[in-house]
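Dear colleague,

Please find below the structure I am handing over to you. The notes that follow it set out what was found.

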Amino acid sequence: MDGVELDRLVQVGGRALAASRIALGVSAVVSPRLAATPWVGWSSTHPAGEVLGRAAGARDIALGAGALLAVSQGPRAERTWVGLAAFCDVVDAVTTAATW
């Protein structure tokens, strides 16, 4: 696999991830308990858990849409949005692991 093929694979993967993030975000906004339960457990049945689920869903929709819209602005903009989404995921994972 040469560098051009790898770049294309990463590009397609980033776009698929962005589209998946939008779909998961919509699911979280529509059904916040379903989205929040694996993350915060029984707390998702309380109003704060629902707020968390919807807020995370809205963030995922925004990050995914930003990455997809950045396609028209070139590879650098697209990489920036995908990188920002990855940063959010890392912060979520570290914060979650630190509180368990």
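Helix 1 supplies the largest share of the lining of the largest pocket, namely seven residues. Helices here are DSSP runs of H or I with at least four residues, strands are runs of E with at least two, and both are numbered from the N terminus. A pocket is an open set of points, on a 1 Å grid over the protein atoms alone, where a 1.4 Å probe fits and where protein lies on both sides within 12 Å along at least five of seven lines; its lining residues have an atom within 4 Å of a point.

Please note that this is a predicted model, in which local features need pLDDT of at least 70 and side-chain atom pairs count only at pLDDT 80 or more, while totals for chains, interfaces and linings use all residues. Residues are numbered from 1 along each chain as its sequence is written, and side-chain values use heavy atoms, with hydrogens and water left out.

The largest pocket has a volume of about 300 Å³, a volume being the space filled by probe spheres set on the points, which are joined across faces, edges and corners. Its lining has 19 residues, of which Leu24, Gly25, Ala28, Ala35 and Asp60 lie nearest the centre. The elements giving two or more residues to this lining are helix 1 (3-30), helix 2 (32-40) and helix 3 (47-70). By class, the lining of the largest pocket has ten nonpolar, six polar and three charged residues. Nonpolar covers Ala, Val, Leu, Ile, Met, Phe, Trp, Tyr, Cys and Pro, charged covers Asp, Glu, Lys and Arg, and the others, Gly among them, are polar.

Asp60 belongs to helix 3. Is Asp60 buried or exposed? Asp60 counts as buried because its relative accessible area is 16%; buried means under 20%, exposed over 50%, and partly exposed in between, with a 1.4 Å probe and protein chains only. Leaving aside residues up to four places away in sequence, Asp60 touches Arg21, Ile22 and Gly25, where contact means heavy atoms within 4.5 Å.

The second largest pocket has a volume of about 220 Å³. Among the residues that line it are Asp7, Arg8, Gly14, Arg15, Glu78 and Arg79. Helix 1 gives the most to this lining, with six residues, and helix 1 and helix 4 (75-99) each supply at least two. The lining of the second largest pocket divides into three nonpolar, two polar and five charged residues.

Helix 1 has 28 residues and reaches 41 Å from its first C-alpha to its last, close to the 40 Å expected at 1.5 Å a residue; the expected span is 1.5 Å times one less than the number of residues. Its buried residues are Gly14, Ala18, Arg21, Gly25 and Ala28, and their cover includes helix 2, helix 3 and helix 4. Helix 4 has 25 residues that should span 36 Å, and its end C-alpha atoms are 36 Å apart, which agrees. In helix 4, Ala77, Glu78, Ala85, Cys88, Asp92 and Thr96 are buried, and they pack against helix 1, helix 2 and helix 3.

For the chain as a whole, the secondary structure comes to four helices and zero strands. Buried residues make up 25% of its 100 residues. The C-alpha atoms fill a box of roughly 50 × 25 × 20 Å along the principal axes.
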